[in-house]
Structure formats: structure tokens, C-alpha cells
Amino acid sequence: MPLEIKIKQSLDAANRGAVTVELAGSLDTATAPELERQLAPILDTAVTDLIFDLADLKFLSSAGLRVFATARKRLKERGGQASFIHMQPQIHEVFEIIKALPGIGVFKSLAEMDDYLTARQRRHTEGS
Amino acid sequence: MMPQKTLKLDLRASPEELMRSVALLESFGRENQFDEKLTFGLMLALEECGANVIHHAYQDRPQERFCVRFEATDEQLTIEIRDTGSPFDPTAARLENPDIDPDDRAPGGWGIQLVRRYMDDIVYRRDGNENVLRMVKRVANSST
């Protein structure tokens, strides 16, 4: 099963600066290097929030988790965050077993995540 | 057609060929009406341990070959992987200390940690010039 990667810059005011990465298929030892290649230029920009939409991700192994972990670490260093939406139960279980990605956001829907990001934005604005 | 109960594959040591075998295992699970979670665990075990063969035992030399045998009985499902690479025992990977900050942990142990959760037994042995890894998932209480 190949991996389809769609990268979208968010135009929504609430998620300004966020990039959405839709993954469909299998994120494994054969496909993880391609995701890593496509994420590298994004992580080199000032983007702070990466949203991985996993609605159509069917398979995930440790090779894929390592790509997520690298992205999470880079974003965290600049005060940002990696978020995950629409995880299927089997994919969620892989995250649960490893527990290697603390501080990530896991959201059931875009709406839930928008609320979170808006609240965070407000906290930042009020705090400064 | 009677469902196939044994699957034997002779593979080149490349990630693409490994994933082809994982797809075959998925079809095998479907033909034998395994539940989805069980099949997912078997696929993950094959992917993780096959990746170890390719990247560690063979050090990414795709001209090498390895064998996968998959067997289903009413009691258990067995995956056996054989390669002729350098000795590599994935079960020797130390368990992660959960108290260590994840950013400081080596991610090398994640694969075996996943396999341990999805499979019941994982036994490694060096047999002559071969690495032999045998993983078993018991299904005694599943519906027949």
C-alpha cells in the first residue's frame, strides 16, 4: 500500500501559520523516507503548527512514528506543536503503546482542534 | 476455494519488497477471516522485524534475500523470518525507561516494543549462518 501525501497551507484565520498534512495509505519503512523528505522544507520555515490528518491512514509502524517524533521536536523547539486529527482506532493504539510523543494534540475533528488553537492564540495574545 | 493456511515467501531485502509481503499477509488474513485488529498486529510485527532484517542484519543491501513463513492453525498464528545476515537479536533491545524524557530516548526500541504488544511469543535463535525469528499469536479463544 503506497502513501499519499497532501500538504496544504491553511488559509483559515484561526489556523494562520498552520500547515495540514493529509496522509492516506501506509506510513511504514518503505514510505517514511518520502514523508521525511517532504516535511524537511516545511520544518525549515518558521511554521509553528503542523496538523496531520490521518483519516485515511491505514497502517503505521515505528518508522512513521519516528518521522512524527522528529517533526514534534522541531516544532516544540520554536514553541509550536504537532497535532493529529481523525486517527483511526488501530493507528491511535500504536501512538498509545509507544507514548513517545508527549505534548502532541490529538483531536477527533478539525472543529475541536480549531477551538483549541483559537483558545491558545487568545492566551498568547492576552499573555503578551 | 479452501482458505490457504500457510504462506511462504522468498523476498529481496528491500523495504518495497517487505511491504509487498505485508500486503500479502493482509490478504491472507482477509481470506482466513481474521479480525482486523489481529491482522493489523501481524502486519505490524512482520513490518517491524522485516525492517530489522533489512536495515540491521543486512545493513541495507537489497541484493540479499530473506524468507517469511506464515502459518495459521486453529490455536495460533506463527510468523517466522529467516535471513543469512549478521547476527541480530531484536529481542535483546533494552526496554525503554519511561522516566526518561522522550526527547532523550533512543527511538531504536519502538519497533520491538510494538511487536511485544501485538504478539504473545517472540523467540530469536541463531541457526548456523541464519537468524531465525519466530513470533506467535495465540487465538485459542477466538470463534471458529
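Here are legends for a few close-up views of this predicted model.

**View 1. Helix H3 of chain B, tucked in.** The buried set is B:Trp110, B:Gly111, B:Ile112, B:Gln113, B:Leu114, B:Val115 and B:Tyr118. From chain A, helix H2 (62–77) and helix H3 (89–98) pack against these residues.

**View 2. The open sheet of chain B.** Five strands line up in the order S1-S2-S3-S5-S4, with antiparallel pairing. Strand S1 (6–12) and S4 sit at the edges, each pairing on one side only. On average, neighbouring strands are turned by 15° against each other, direction ignored. Helix H2 of chain B lies across S2, S3 and S5 of that chain, and runs at about 10° to S3(B).

**View 3. Zooming in on S2 and S3 of chain B.** Strand S2 (residues 65–72) and strand S3 (residues 76–83) pair in the antiparallel sense over 7 bridges. Look for B:Phe70, which stands opposite B:Ile79 in S3(B).

**View 4. The second largest pocket.** Its volume is about 310 Å³. Of the 16 lining residues, A:Gln90, B:Glu26, B:Glu36, B:Thr39 and B:Met43 come closest to the centre. Two or more lining residues each come from strand S3 (49–60) and H3 of chain A, and from helix H1 (15–31) and H2 of chain B. H2(B) gives the most, with 4 residues. By type, the lining splits into 8 nonpolar, 4 polar and 4 charged residues.

Methods
Residues are numbered from 1 along each chain as its sequence is written. Chains are lettered from A and ligands numbered from 1 in the order in which they are written. This is a predicted model: local features need pLDDT of at least 70, side-chain atom pairs count only at pLDDT 80 or more; totals for chains, interfaces and linings use all residues. Side-chain values use heavy atoms; hydrogens and water are left out. Buried means under 20% relative accessible area, exposed over 50%, partly exposed in between (1.4 Å probe, protein chains only). Contact means heavy atoms within 4.5 Å. Two strands pair if DSSP finds at least two bridges between them. Axes are lines fitted to C-alpha atoms, for helices over the stretch in contact, and angles run from 0 to 180 degrees between N-to-C directions. On a 1 Å grid over the protein atoms alone, a cavity is a set of points where a 1.4 Å probe fits but cannot get out, and a pocket is an open set with protein on both sides within 12 Å along at least five of seven lines; lining residues have an atom within 4 Å of a point. Grid points are joined across faces, edges and corners, and a volume is the space filled by probe spheres set on the points. Ala, Val, Leu, Ile, Met, Phe, Trp, Tyr, Cys and Pro count as nonpolar, Asp, Glu, Lys and Arg as charged, and the others, Gly among them, as polar.
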